[in-house]
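Please look through the sequence and the model shown here.

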Amino acid sequence: MGKIADGLDQAAQHVLTRNPPRSTKARIRFLVSKHQGRTRNVARLLGVSQRTIERYLKGDRKNPPPPVNAKIDAEVRRLWQPRVRRRAEQRAAAAGGVIVETRARFGFSSAAGSTDDPRMRRITQPLPPTRARQLFDAHHAGASERDLERIVAAGLGEAYFQDHGTRADDLDVTVTDVDYIEFDLRG
């Protein structure tokens, strides 16, 4: 995944109502249940053998190597309580409470040509509700990182550079070279 998709997943971690499973056996059992009981799919996802997944399920192996453990943890966190996350995202998007903090290279163009050379900027700004909904819908649909960048650029362009339509109407904003990006759901 990319930085924006990871940032959206990380923001959703703060709205969970229960902690995900902690033991390796429980986490693997959860992943297998999310993959229709197919240990082969989980093994392929984690980059281990099917037999290793079966050993984790039986409790014969309890401590996966650190890279595998990190993959297990990331996948469990990504799949844990999807309805709770979705409701929090919808509330935040409807209330205009999706705050983006990023350091990225922003470029501009307008009908008259280029207005500024792309440069690194650090911006903290709430996304407009329509752009926040677009961003969440695209993320859940599996959009590419580039598509997510375009949505964030349009939202920040509208909120920050165009000041919600009060200036620079024909400004087109692009975002590249995302150094970091964080989202805060306040809805």
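The protein chain exposes about 10,500 Å², of which carbon and sulfur atoms supply 46%. Accessible areas are calculated by the Shrake-Rupley method with a 1.4 Å probe, and for residues only the protein chains shown count as cover. The model is predicted: local features need pLDDT of at least 70, side-chain atom pairs count only at pLDDT 80 or more, and totals for chains, interfaces and linings use all residues. Residues are numbered from 1 along each chain as its sequence is written, and side-chain values use heavy atoms, with hydrogens and water left out.

The C-alpha trace of the protein chain spans about 65 × 30 × 25 Å along its principal axes. The protein chain contains eight helices and three strands; these are DSSP runs numbered from the N terminus, helices being H or I with at least four residues and strands being E with at least two. In order from the N terminus, the elements run α-α-α-α-α-α-β-β-α-α-β. Of the contacts in the protein chain with a separation of 6 or more, 69% are between residues 24 or more positions apart, where contact means heavy atoms within 4.5 Å.

How much of the protein chain is buried? Buried residues account for 42% of the 187 residues; the term means under 20% relative accessible area, while exposed means over 50% and partly exposed lies in between (1.4 Å probe, protein chains only). In soluble globular proteins, nonpolar side chains tend to be buried together. The largest nonpolar core here has 30 residues, and Ile4, Val98, Phe106, Leu135 and Phe183 have the most contacts inside it. Such a core is a set of buried Ala, Val, Leu, Ile, Met, Phe, Trp, Tyr and Cys residues joined through side-chain atoms within 4.5 Å. At least two residues of this core come from each of helix H1 (3-12), helix H6 (82-95), strand E1 (98-110), helix H7 (129-140), helix H8 (145-161) and strand E3 (172-185). Apart from its neighbours within four places in sequence, Phe183 is in contact with Ile4, Gly7, Leu8, Ala11, Val98, Ile99, Val100, Leu135 and Val152. A second, separate core of 15 residues includes Leu31, Val42, Ala43 and Ile53.

The charged side chains come next. The protein chain has 34 positive and 23 negative side chains, and the centres of the two sets lie 13 Å apart. Lys and Arg count as positive and Asp and Glu as negative, without His and the chain ends; each charge is placed at NZ of Lys, CZ of Arg, CG of Asp or CD of Glu.

Side chains of opposite charge can pair when their charged atoms come close. Eleven salt bridges are found in the whole structure, each being a side-chain nitrogen of Lys or Arg within 4 Å of a carboxyl oxygen of Asp or Glu. One of them joins Arg103 and Asp179 (2.9 Å, N to O). This pair links distant parts of the chain, with Arg103 in strand E1 and Asp179 in strand E3, 76 residues apart. Arg103 is partly exposed, at 34% relative accessible area, and Asp179 is also partly exposed, at 40%.

Asp137 forms a salt bridge with Arg86, with the closest N and O atoms 3.6 Å apart. Here too distant parts of the chain are linked: Asp137 lies in helix H7 and Arg86 in helix H6, 51 residues apart. Finally, Arg27, Asp73 and Arg77 are linked in a network of salt bridges.
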